[in-house]
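Subject: Structure for you to look at

Hello,

Here is the structure I promised to pass on. Please open it next to this email and follow along.

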Number of protein chains: 2
Amino acid sequence: MSWVKEVGGQPYILIRFGGEIGVKSSRVRVKYEREVLRGLLRRLKKAKVNYGNPHYLFGRVYLPVEDVEAALKEASKVFGISSASPALRTTSSLEDLVKLGVRVASACLRPRSSFAVKCRRVGEHPYRSPDVVKAVGSAILTNLKELGVRVDLDHPDFVLGIEVREDVSYVYLGEVEGPGGLPAGSQGRVVCLISGGLDSPVAAWMAMRRGCIPLILHFDLHPFAGPETRDKIMDLAKVLAGWMHGGRLKVYVAKHGKALTEIKEKAPDRLTCILCKRMMYRVAERLALKNGAKGIVTGDIIGEQASQTLANLAVIDPAVTQLPIHRPLLGFTKEEVERFARKIGSYEVSARPEEGCKAVPRRAATRAKLEDVEEAEESLNVEDIIYEEAEGIEEFVVEGG
Amino acid sequence: MSWVKEVGGQPYILIRFGGEIGVKSSRVRVKYEREVLRGLLRRLKKAKVNYGNPHYLFGRVYLPVEDVEAALKEASKVFGISSASPALRTTSSLEDLVKLGVRVASACLRPRSSFAVKCRRVGEHPYRSPDVVKAVGSAILTNLKELGVRVDLDHPDFVLGIEVREDVSYVYLGEVEGPGGLPAGSQGRVVCLISGGLDSPVAAWMAMRRGCIPLILHFDLHPFAGPETRDKIMDLAKVLAGWMHGGRLKVYVAKHGKALTEIKEKAPDRLTCILCKRMMYRVAERLALKNGAKGIVTGDIIGEQASQTLANLAVIDPAVTQLPIHRPLLGFTKEEVERFARKIGSYEVSARPEEGCKAVPRRAATRAKLEDVEEAEESLNVEDIIYEEAEGIEEFVVEGG
């Protein structure tokens with residue numbers, strides 16, 4: 001993306017919005033686009049990247065920036081942006097377009113590269129889009145003859161984009177991928193259950209990408225799990241906070257050891273994980289209701305673990321009565337979750353070793369019955385445990401890494 | 001993949017299982033692998049592709065088949081298979097391995113191709129894996145000298161794989177992607193709500209990939225929607241049935257027009273979609289309970305439509321009290337759903353034009369309150385409507401296309 005510096009002039013970044021924003025009513029679309037842009041500007045400010053006035057252009061934005069590389073890096077972390085490209089601006093005279101097109105191509109194309117030129121145009125001009133494509137394409141072929149470059153419309157190595165609007169035009173080349181989705185925070189709060197594993201941070205991120213503000217909730221399983229898990233949680237929260245435009249989020253830690261001890265002592269061993277999760281969900285629901293959150297997000301994948309069989313999910317769910325449980329990873333494969341975790345930046349932290357829960361039974365139920373679970377809960381002080389645990393929740397603010 | 005025919009000899013396909021199967025306990029792993037293989041054999045039989053006895057080899061299977069292309073095509077539709085490759089078999093003498101390696105390379109490599117050789121070995125042999133790699137690699141370089149082929153370990157155009165076990169070895173090259181996931185049907189039934197749109201068939205497929213057996217439920221909105229939607233549903237069901245190893249699935253159609261009429265007449269316009277969905281979910285729950293289904297699957301994406309805002313999902317959910325609502329697409333972007341729809345084969349059908357629901361209000365609530373919704377429902381004959389609609393559900397069996 002360093003071609004902008006090489007060619008010289010005021011650098012711009014071209015911002016494209018996700019498909020879901022484009023299909024909204026024009027009122028909502030404009031609102032969302034402004035929110036997405038505001039998020040980007042906030043990030044740029046935080047990263048100390050100077051920028052000028054944004055130029056709106058048919059559902060895209062051209063933003064003048066000081067440092068293109070740094071600006072693109074921030075754009076790639078803004079929910080609602082599907083991609084962003086470095087760009088330069090010139091007048092809409094065909095001569096200037098050809099001149100800039102050739103300079104950009106000279107800076108980017110390598111020996112025997114293939115390329116294509118594409119053009120979109122709005123306004124009154126003495127030429128049409130195909131004329132621009134032809135003029136710029138021919139000029140590149142002539143000027144870069146010694147490199148042996150060639151035109152390939154199907155699978156070009158490089159695409160030179162030109163957008164002509166009235167008397168101003170932009171030339172762009174290359175792009176970075178954004179996460180897409182809806183503007184950060186546009187949907188409201190959810191409580192996201194995070195363990196030290198691979199799945200739950202990805203699930204939280206998926207919800208964030210759809211406009212949810214995550215309240216991270218971790219259940220500390222001491223004495224059934226080691227202290228290293230809590231460090232992982234804080235590091236995972238840091239990774240997720242890096243995706244918040246404000247760079248911070250709240251982490252809540254509940255001490256679940258007492259609940260788990262009670263379960264281990266009084267309930268059938270094979271139901272341990274199901275009862276444990278039902279307790280967690282109840283505590284999560286309390287936290288959610290207290291903080292105006294509209295759902296609980298978990299990293300469950302159907303059939304991934306014994307407690308996540310289709311049958312067991314149906315038995316765990318009814319523990320929460322006032323809020324939906326959202327499970328964005330329900331249908332994922334292990335490979336897909338890993339791919340997302342790498343993209344999000346959580347993979348390395350999740351992969352760090354931890355002791356794992358020592359309360360997991362040797363033979364867990366895979367098809368528990370609700371009546372058995374409810375019977376087992378009758379011997380537990382469910383209400384008291386939940387109340388005490390919810391009251392004792394610790395709160396932290398984590399800053400993005 | 002036609003290199004197998006060119007080289008000649010008994011063709012095999014190498015089957016690799018998804019990552020989620022590999023991490024199961026050995027008891028479950030073996031059970032799941034056999035179920036996946038059984039699914040493949042069932043498909044092969046149906047497609048009239050002859051096969052021989054499978055050869056298990058460290059969590060992979062080599063299956064002798066008559067027609068490699070046809071067998072790979074079937075393998076790419078078997079849940080639990082992450083990928084499959086065409087392969088040939090030989091003895092484990094280094095001489096035979098080199099000979100077969102060179103013949104495979106000759107059939108596949110093109111002028112100036114880059115390649116890499118990799119080898120896994122178990123058993124007693126007079127050589128080690130690196131010796132095989134070296135011998136086969138050198139022989140290919142020598143024999144294909146006139147093509148100008150070269151070794152590239154990082155980004156090879158072709159990877160020649162060799163698996164040596166005791167006195168039998170396999171050479172494979174190229175692969176087709178499988179869907180991954182869990183064995184078809186291993187988790188039990190779910191009711192999948194399908195509209196004529198893009199999202200819901202993808203959601204159903206995601207559940208199928210995690211071992212769910214879908215009972216397709218469509219709500220016919222006549223007179224608020226056109227008759228073309230029902231044709232789309234049947235064609236979408238055909239596409240999904242193509243992913244069932246038995247090649248068929250059940251489609252249920254409920255007549256929702258009366259419920260919607262009642263809602264339109266008696267309830268606040270802005271709550272129409274929310275009330276309509278709550279009615280649908282109740283009917284779905286009845287169908288699910290009647291058929292032993294353990295959940296309801298929908299194509300909801302957070303914030304995609306007015307009825308899918310985080311706030312509205314929280315208001316729609318409580319209509320179902322006995323089963324979880326699973327929404328595998330919650331965190332997806334529009335682009336990701338499209339990519340899956342193309343892979344599944346549902347994209348073209350979903351993209352066909354349809355009239356769309358005429359009951360949708362001009363200004364739908366995006367943050368409905370549960371008390372308002374419950375108040376509105378008091379004026380409706382909810383129980384009667386649900387009962388009548390559930391009783392009148394039509395049932396169809398659809399065969400895969």
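**Chain A at a glance**

Chain A has 15 helices and 15 strands. Please keep in mind that this is a predicted model. The C-alpha atoms of chain A fill a box of roughly 85 × 40 × 35 Å, taken along the principal axes. Chain A has 401 residues, and 58% of them count as buried. Now take the contacts in chain A with a separation of 6 or more: 81% of them come from residues 24 or more positions apart.

**Two copies**

Two copies of a chain are related by a rotation about an axis and a shift along it.

**A pair of helices**

Two packed helices are described by the angle between their axes and the distance between the axes. Look at helix H3 (residues 26-46) and helix H4 (residues 68-75) of chain A. Their axes come within 9 Å and cross at roughly 130°. That makes H3(A) oblique to H4(A). The crossing is right-handed.

Which residues meet there? From H3(A) they are Leu40(A), Arg43(A) and Leu44(A). From H4(A) they are Ala71(A), Glu74(A) and Ala75(A). By class, this contact of H3(A) with H4(A) has four nonpolar, two charged and no polar residues.

**Backbone points to check**

Most residues other than glycine have a negative phi, and most peptide bonds are trans.

- His222(A) and Pro223(A) are joined by a cis peptide bond, with omega about 10°. Pro223(A) sits in the loop between strand S11 (212-220) and helix H8 (228-241) of chain A.
- In chain B, the peptide bond from His222(B) to Pro223(B) is cis, and omega is near 5°. Pro223(B) is in the loop between strand S11 (212-220) and helix H8 (228-241) of chain B.
- Lys48(A) is not a glycine, yet its phi is positive, near 60°. Find Lys48(A) in the loop between H3 and strand S2 (55-57) of chain A.
- Lys48(B) also is not a glycine and has a positive phi, about 55°. Its place is the loop between helix H3 (26-46) and strand S2 (55-57) of chain B.

Is Lys48(A) buried or exposed? Lys48(A) has a relative accessible area of 73%, so it is exposed. Lys48(B) is exposed too, with a relative accessible area of 72%.

**One proline in chain B**

Finally, go to Pro64(B), in strand S3 (residues 60-64) of chain B. Its relative accessibility is 12%, so Pro64(B) counts as buried. What is Pro64(B) in contact with, leaving aside its neighbours within four places in sequence? Gln10(B), Pro11(B) and Tyr12(B) form one run of partners. Asn50(B), Tyr51(B), Gly52(B) and Asn53(B) form another.

Pro64(B) and Pro111(B) are 47 residues apart in sequence. In space they are 31 Å apart, C-alpha to C-alpha.

Best wishes

Definitions and conventions:
Residues numbered from 1 in each chain as written. Chains lettered and ligands numbered in written order. Predicted model: local features only at pLDDT ≥ 70, side-chain atom pairs only at ≥ 80, totals over all residues. Heavy atoms only, no water. Axes fitted to C-alpha atoms, helices over the stretch in contact; angles between N-to-C directions. Helix = DSSP H or I, 4+ residues; strand = E, 2+ residues; numbered from the N terminus. Parallel < 35°, antiparallel > 145°, perpendicular 65-115°, else oblique. Left-handed = near helix turned anticlockwise from the far one by under 90°. Contact = heavy atoms within 4.5 Å. Nonpolar A, V, L, I, M, F, W, Y, C, P; charged D, E, K, R; others polar. Buried < 20%, exposed > 50% of the residue type's maximum accessible area, 1.4 Å probe, protein only.
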